[in-house]
Amino acid sequence: PTIYAITPTYSRPVQKAELTRLANTFRQVARLHWILVEDAAARSELVSRFVAGAGLPCTHLHVPTPRRYKRPGLPRATEQRNAGLAWLRQRHQHLPLPQPGVLFFADDDNTYSLELFQEMRTTRKVSVWPVGLVGGRRYERPVVENGKVVGWYTGWRADRPFAIDMAGFAVSLQVILSHPKAVFKRRGSQPGMQESDFLKQITTVEELEPKANNCTKVLVWHTRTEKVNLANEPKYHLDTVNIEI
Ligand code: UGA
Ligand code: MN
């Protein structure tokens, strides 16, 4: 199966560095199709140029987050992930049989091991695995007994139906197509509940397929990039060339 990676991304000083790191990982993965969704009213020149030279199959979309949702404490990238889902569904809806595919949500700042892609490629419906550096702990993970997920090891909101980060699961294309209404929701969605709100539309805890040696290995890390210090950017005496970073 093809692996589809949906990556929401937005303009900021570290954007190109994040995308470069991600492309360097994804380029090493066979049959990976990258769906980059800019949080913007139009495709930016920076990302367009980047995609053209990325050296892997890319689809470049954009949709702006409405201003009222750009507030601390509100979920991020809801509209962008939905745009990626809509593109996937539209591309496959005319085919008699969907091509085998696996979808996952790849935020632009996380760190992904190559082994993760081997694990997710065998997803039949919905697969799950541990995520490092998240939830106020070294890692969070699904707790597995006799090959089934029976609970969650987490330090944060253990009441979540699926106590898992966006980086902790993959979904088969078949499941995405057979649940055409499953989307990320703004209404009633609290921070940290986006994953649960989405997953409960398409699966149950009993049905989840544990990966990464029964969820005992961390193959993805919820790394976050420090905000860059631009305090010494000149206000006048600008550089003689304007260099893209
Ligand atoms: C955590 C989760 O890991 C995310 O999957 C979840 O979307 C997010 O919380 C949330 O609050 O909704 P965190 O590291 O705090 O992640 O979030 P970011 O990495 O800042 O953002 C997640 C993704 O959305 C990134 O790919 C980022 O580029 C994108 N994003 C962020 C936008 O497209 N627009 C924004 O305004 C902010
Ligand atoms: Mn992040």
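1. E244 counts as partly exposed, at 29% relative accessibility, and in this predicted model its side chain forms a salt bridge with K16, the closest N and O atoms being 2.6 Å apart. Because E244 lies in the segment after β12 (220-221) and K16 in helix α1 (residues 15-26), the pair ties together parts that are 228 residues apart in sequence. K16 is likewise partly exposed, with a relative accessibility of 25%.

2. A further salt bridge joins E115 to K217, with 2.7 Å between the closest N and O atoms. This pair links distant parts of the chain, since E115 belongs to helix α4 (residues 114-120) while K217 sits in the loop between α7 (212-215) and β12, 102 residues apart. E115 is partly exposed at 31%, and K217 is partly exposed at 34%.

3. Within helix α6 (residues 194-202), D197 and K200 are 3 residues apart and therefore separated by about one helical turn; their side chains meet in a salt bridge of 3.4 Å, N to O. D197 is buried, at 15%, whereas K200 is exposed, at 52%.

4. Across the whole structure a search finds 14 salt bridges, and R12, E18, R21 and D108 are linked in a network of such bridges.

5. V128, in strand β6 (residues 126-128), is buried with a relative accessible area of 1%. Leaving aside residues up to four places away in sequence, V128 touches several residues, among them P142, I164, F169 and L208.

6. D109 is found in the loop between β4 (101-105) and β5 (111-112).

Definitions and conventions. Residues numbered from 1 in each chain as written. Chains lettered and ligands numbered in written order. Predicted model: local features only at pLDDT ≥ 70, side-chain atom pairs only at ≥ 80, totals over all residues. Heavy atoms only, no water. Helix = DSSP H or I, 4+ residues; strand = E, 2+ residues; numbered from the N terminus. Buried < 20%, exposed > 50% of the residue type's maximum accessible area, 1.4 Å probe, protein only. Contact = heavy atoms within 4.5 Å. Salt bridge = Lys/Arg side-chain N within 4 Å of Asp/Glu carboxyl O.
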